[in-house]
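Take a look at the chain below. The paragraphs after it lead you through its charged pairs, its core, its strands and a helix.

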Amino acid sequence: MTHHVVAIVPAGDLDESTAFYALLGFSVAADFGHYRILEDGRGWHLHLNHMPGWPARVEDNPFGLYLYVEDVDAVATRVRDRIIEPGAPHAKPWGTYEFAVSDPSGVLVRIGRVVDQG
């Protein structure tokens, strides 16, 4: 196993969150009832921890993820109706081509790639 980090994300509704992350390319690798391990088979891993009633208000969820992908537009096509910023994806001043969506529990998920600065 290589050196890496895995995010553990609270989910108010595991099935709804699992369906959302499936749109981004994740599938269930293991299901322990209140805890699911998701992966994409290419290096992404994400753990969903069932937290009923979390958060009290979706807009108050402080968590966020950044998913780096080669084909940002292909992922954007799958979640077009959920993209937060109009006109996205597009290049950002900090050197990425990206867009953002919110998962069912309010986790901000940015999907992008580094833009060649050369």
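Is Asp60 buried, partly exposed or exposed? Asp60 counts as partly exposed, at 43% relative accessibility. The classes are these: buried means under 20% relative accessible area, exposed means over 50%, and partly exposed lies in between, with a 1.4 Å probe and protein chains only.

A word on the source: this is a predicted model, where local features need pLDDT of at least 70, side-chain atom pairs count only at pLDDT 80 or more, and totals for chains, interfaces and linings use all residues. Residues are numbered from 1 along each chain as its sequence is written, and side-chain values use heavy atoms, with hydrogens and water left out.

Stay with Asp60. It forms a salt bridge with Arg57, and the closest N and O atoms are 2.7 Å apart. A salt bridge here is a side-chain nitrogen of Lys or Arg within 4 Å of a carboxyl oxygen of Asp or Glu. Arg57 also meets Glu59 in a salt bridge, at 3.3 Å from N to O. Arg57 is partly exposed, with a relative accessible area of 45%. Glu59 is exposed, at 58%.

By this rule the model has seven salt bridges. Another of them joins Asp15 to Arg36, with 2.9 Å between the closest N and O atoms. This pair links distant parts of the chain: Asp15 lies in helix 1 and Arg36 in strand 3 (residues 35-39), 21 residues apart. Helices (H or I, at least four residues) and strands (E, at least two) are DSSP runs, numbered from the N terminus. Asp15 is exposed, at 52% relative accessibility. Arg36 is buried, at 10%.

Now follow helix 1. At its start, a side-chain oxygen of Asp13 reaches to within 3.1 Å of the backbone nitrogen of Asp15. Leu14, Ser17, Thr18, Phe20 and Tyr21 are buried in this helix. They cover an arc of only 160° around the axis, so they sit on the same side of helix 1. The arc is that of the directions from the helix axis to the C-beta atoms. An α-helix has 3.6 residues a turn, so residues three or four places apart point the same way. After helix 1 comes Gly25, whose phi is positive, near 115°.

Next, the core. A nonpolar core is a set of buried Ala, Val, Leu, Ile, Met, Phe, Trp, Tyr and Cys residues joined through side-chain atoms within 4.5 Å. The largest one has 26 residues, and Tyr21, Leu24, Phe99, Val109 and Ile111 touch the most other members. Among the elements that each supply at least two residues of this core are helix 1 (14-23), helix 2 (72-78), strand 7 (96-102) and strand 8 (108-114). Look at Phe99. Beyond its neighbours within four places in sequence, its contacts (heavy atoms within 4.5 Å) include Val72, Ile83, Pro89 and Ile111.

Finally, the strands. Two strands pair if DSSP finds at least two bridges between them. Strand 7 and strand 8 run antiparallel, joined by seven bridges. Tyr97 stands opposite Arg113 of strand 8. Five residues lie between the strands of this hairpin, where Gly106 takes a positive phi near 90°. Strand 5 pairs with strand 8 in the parallel sense, over five bridges. There, Gly64 has Leu108 as its bridge partner in strand 8.

Note on methods
Polar contact = N/O pair within 3.5 Å; in protein donor to acceptor, adjacent residues only side chain to side chain.
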